[in-house]
Amino acid sequence: MRVIITHIMKSVALFLALFVTISNAETPESTTFAPTIANKTRPPGPAPASMVWIPGGEFSMGAAQNGEGSHEMPMASNDAGPIHRVRVDGFWMDASPVTNGQFEKFVKATRYVTIAERTPTKEEFPTAPAENLVAGGVVFAPTDQEVPLNDHYQWWSYVKGANWRHPVGPQSDIKGKENYPVVQIAYPDAEAYAKWAGKRLPTEAEFEFAARGGLSGKTYVWGDEFRPGGKWMANTWQGKFPVKDAGEDGYAGIAPVKSFSPNGYGLYDMAGNVWEWCSDWYRPDYYQTLMDKGGVARNPQGPDSPFDPSEPNEKKRVHRGGSFLCNDQYCSRYIVGTRGKGEVNTGTNHLGFRCVKSPRSSDNSVAQSK
Ligand SMILES: [Ca+2]
Ligand SMILES: [Cu+2]
């Protein structure tokens with residue numbers, strides 16, 4: 001009897017071990033995407049001007065470094081994993097990033113002065129050298145020759161007088177560029193515009209749900225092939241980074257909005273062209289936190305406070321979508337699901353934003369309440 005019992009117990013143990021192995025393999029975890037299940041709910045009314053309805057629903061969020069829906073990402077961090085299930089409610093989203101023309105209307109109506117146009121104080125930027133306490137913004141400049149890609153200060157510098165009207169410095173302007181995305185926008189600037197427009201900034205989860213355009217676990221917002229049928233699908237960088245942008249996609253630098261095809265939801269520029277602010281604070285371990293809680297994360301709003309181990313004193317919020325500078329040699333952040341981040345008071349010449357709007361107006365103060 002004893003032997004038999006032991007034998008049965010062994011079998012049970014073996015069975016359990018097998019079961020655990022199988023269920024581990026089949027549970028959606030860090031490298032697997034499950035299908036997107038869009039909500040069936042219809043928009044509660046006609047879309048506000050230049051916005052499109054995003055139904056919301058349940059989807060797998062994030063990017064795998066070497067798995068499905070990804071490719072090898074040089075210099076990429078692990079912050080876009082694990083892939084986890086998220087549900088978001090439906091909302092309207094601007095079909096394209098906010099343009100210079102739209103931002104000008106806001107400034108005319110409100111006399112708003114952007115952060116880049118204000119002289120920064122030592123209190124705001126305790127770590128900045130005194131000579132940098134002048135109004136301006138961060139601007140990309142190509143290098144004269146090939147450089148190691150480990151120090152971004154080789155191609156980024158703070159330029160006095162750079163702001164949304166002068167995106168790369170005082171000599172530059174936006175004449176004839178009403179249709180280009182507004183850049184040199186800090187987070188409070190984007191938030192002020194959104195509030196004026198009766199909208200808000202998207203959460204990171206809303207941005208990614210919208211960017212995926214109804215697809216599930218694809219590498220790009222349009223599918224798995226970077227150039228389907230040879231067609232350029234987004235404004236990114238070609239050639240040796242950061243020396244010379246060959247502009248093979250038609251644009252060396254920023255492009256007017258809607259220059260490339262929209263995604264499945266009719267949204268333009270959800271990858272490439274300019275980075276866009278999201279309302280979530282940035283933490284590299286946020287997805288892990290959601291995963292540890294288990295179940296489906298419902299309308300996640302980001303962590304309660306920011307933390308970037310690489311710059312622990314900076315308060316950063318999430319950037320999404322990548323920009324005209326993104327390339328496969330350096331950051332590949334046009335891959336849907338990958339994440340960016342930036343200090344909240346810092347604008348650059350490849351960073352803009354777009355707004356969203358919830359059907360219930362009380363839900364449009366989410367970003368401001370944090
Ligand atoms: Ca380009
Ligand atoms: Cu990039």
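## Cavities

By the grid rule applied to this predicted model, the count comes to two cavities of 30 Å³ or more. On a 1 Å grid over the protein atoms alone, a cavity is a set of points where a 1.4 Å probe fits but cannot get out, whereas a pocket is an open set with protein on both sides within 12 Å along at least five of seven lines, and lining residues have an atom within 4 Å of a point. Grid points are joined across faces, edges and corners, and a volume is the space filled by probe spheres set on the points.

The largest cavity has a volume of about 100 Å³. Its lining is made up of 14 residues, of which Val221, Met233, Ser261, Asp269 and Met270 are the closest to its centre. That lining divides into ten nonpolar residues, three polar and one charged, where Ala, Val, Leu, Ile, Met, Phe, Trp, Tyr, Cys and Pro count as nonpolar, Asp, Glu, Lys and Arg as charged, and the others, Gly among them, as polar. The second largest cavity, with a volume of about 70 Å³, is lined by 14 residues, and Met270, Arg320, Gly321, Val336 and Gly337 lie nearest its centre. Helix α4 (residues 204-212) gives the most to this second lining, with three residues, and the lining as a whole divides into eight nonpolar, three polar and three charged residues.

## Second largest pocket

The second largest pocket has a volume of about 400 Å³. Of the 22 residues that line this pocket, Val168, Gly253, Ile254, Phe324 and Asn349 are the closest to its centre, and the lining divides into 14 nonpolar, four polar and four charged residues.

## Basis of the description

Residues are numbered from 1 along each chain as its sequence is written, while chains are lettered from A and ligands numbered from 1 in the order in which they are written. In this predicted model local features need pLDDT of at least 70, side-chain atom pairs count only at pLDDT 80 or more, and totals for chains, interfaces and linings use all residues, with side-chain values using heavy atoms and leaving out hydrogens and water.

## Overall architecture

The secondary structure of the protein chain comes to six helices and 13 strands, these being DSSP runs numbered from the N terminus (helices H or I, at least four residues; strands E, at least two). Buried residues make up 49% of the 370 residues in the chain, buried meaning under 20% relative accessible area, exposed over 50% and partly exposed in between (1.4 Å probe, protein chains only). Among the contacts in the chain with a separation of 6 or more, residues 24 or more positions apart account for 74%, a contact being heavy atoms within 4.5 Å.

## Metal sites

Donors are N, O and S atoms within 2.8 Å of the metal (3.2 Å for Na, K and Ca), and, as water is not among the atoms, sites may look incomplete.

The copper ion (ligand 2) is coordinated by Cys326 (SG) and Cys331 (SG), at 2.0 to 2.1 Å. Both of these cysteines, Cys326 and Cys331, are buried.

In helix α5 (residues 286-293), Tyr286, Tyr287 and Leu290 are buried. These three residues lie on the same side of α5, because they cover an arc of only 100 degrees around the axis, the arc being that of the directions from the helix axis to the C-beta atoms. The cover over the buried residues of α5 includes β3 (57-61), β4 (84-88), α4, β8 (275-281), β9 (297-298) and β10 (316-320). After α5 comes Gly294, whose phi is positive, near 80 degrees.

## Backbone features in the loops

The peptide bond from Gly81 to Pro82 is cis, with omega near 0 degrees, and Pro82 lies in the loop between β3 and β4. The peptide bond from Phe241 to Pro242 is also cis, with omega near -5 degrees, Pro242 being found in the loop between α4 and β8.

The loop between α4 and β8 also holds Lys258, a residue other than glycine with a positive phi, near 65 degrees. Lys258 counts as partly exposed because its relative accessibility is 43%. Asp269, found in the loop between α4 and β8, has a positive phi near 60 degrees and is likewise a residue other than glycine; at 9% relative accessibility, Asp269 counts as buried.
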